[in-house]
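This report describes selected features of one protein model. Please keep the sequence and the structure in view while reading.

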Amino acid sequence: MSQHISRTISKGQICLLNPTLLRATYALPPYRISFPLQPSRCLNTSAAKTPRSYTPISRAPTPPPAKTAEELASGPYIVRRTPSIQLPVYKRFMSGGNRVVVLVKKVDGDRRKLLEDMSESLGVGKENIRINPTTQHVELKGDYYEETKSWLIERGF
């Protein structure tokens, strides 16, 4: 097998060194390659022309907790922060984006008391706020995301 490879390589070298022998051996017609002056109109050309710039949404950072751990522990309930020091308040879109549910996670202590305080302060009806029996998260029906976050910050969480 190695003899066959070495013969092929040596024949290739001979053909490359002698261009007349190369034309005589392969006798292929010359081809011209032309490129269009204008780019083709495909679906992704607009994205290829201008790169997208992704700018982050400018939001005010969440302030750190105003109360100490001892002050928070003295209350009937506590809402712990996430590992990135953010409030555990999340917005969930349901029914194809037509219904908004706000979740408050990481609640320790008396969840019923938190439920009552939130419904009084935020003006949420008793039928629109509940504790999920499986996950123990507080769920608010409606878009109360900003109100909930500001209420938790006011309370020092």
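The largest pocket holds about 280 Å³ of space. This is a predicted model, in which local features need pLDDT of at least 70 and side-chain atom pairs count only at pLDDT 80 or more, while totals for chains, interfaces and linings use all residues. Residues are numbered from 1 along each chain as its sequence is written, and side-chain values use heavy atoms, with hydrogens and water left out.

A pocket is an open set of points on a 1 Å grid over the protein atoms alone where a 1.4 Å probe fits, with protein on both sides within 12 Å along at least five of seven lines; lining residues have an atom within 4 Å of a point. Residues lining the largest pocket include Arg 59, Pro 61, Gln 86, Tyr 145, Glu 146 and Ile 153. By class, the lining comprises five nonpolar, three polar and three charged residues.

The largest nonpolar core has 21 residues, of which Val 104, Leu 114, Met 118, Val 138, Leu 140 and Leu 152 touch the most other members. Such a core is a set of buried Ala, Val, Leu, Ile, Met, Phe, Trp, Tyr and Cys residues joined through side-chain atoms within 4.5 Å. Buried means under 20% relative accessible area, exposed over 50%, and partly exposed in between (1.4 Å probe, protein chains only). Among the elements that each supply at least two residues of this core are β3 (99–104), α5 (111–122) and α6 (145–154); α5 gives the most, with four residues. Helices (H or I, at least four residues) and strands (E, at least two) are DSSP runs numbered from the N terminus.

Contact means heavy atoms within 4.5 Å. Leaving aside residues up to four places away in sequence, Val 138 touches Val 102, Leu 114, Met 118 and Ile 129, among others.

In α6, the residues Tyr 145, Thr 148, Lys 149, Trp 151 and Leu 152 are buried. Seen down the helix axis, the buried residues of α6 fall within an arc of 160°, so they line one face of the helix. The arc is that of the directions from the axis to the C-beta atoms. The face turned away from the buried side of α6 carries the exposed residues Glu 146 and Glu 154.

Notes: Points joined across faces, edges and corners; volume = space filled by probe spheres on them. Nonpolar A, V, L, I, M, F, W, Y, C, P; charged D, E, K, R; others polar.
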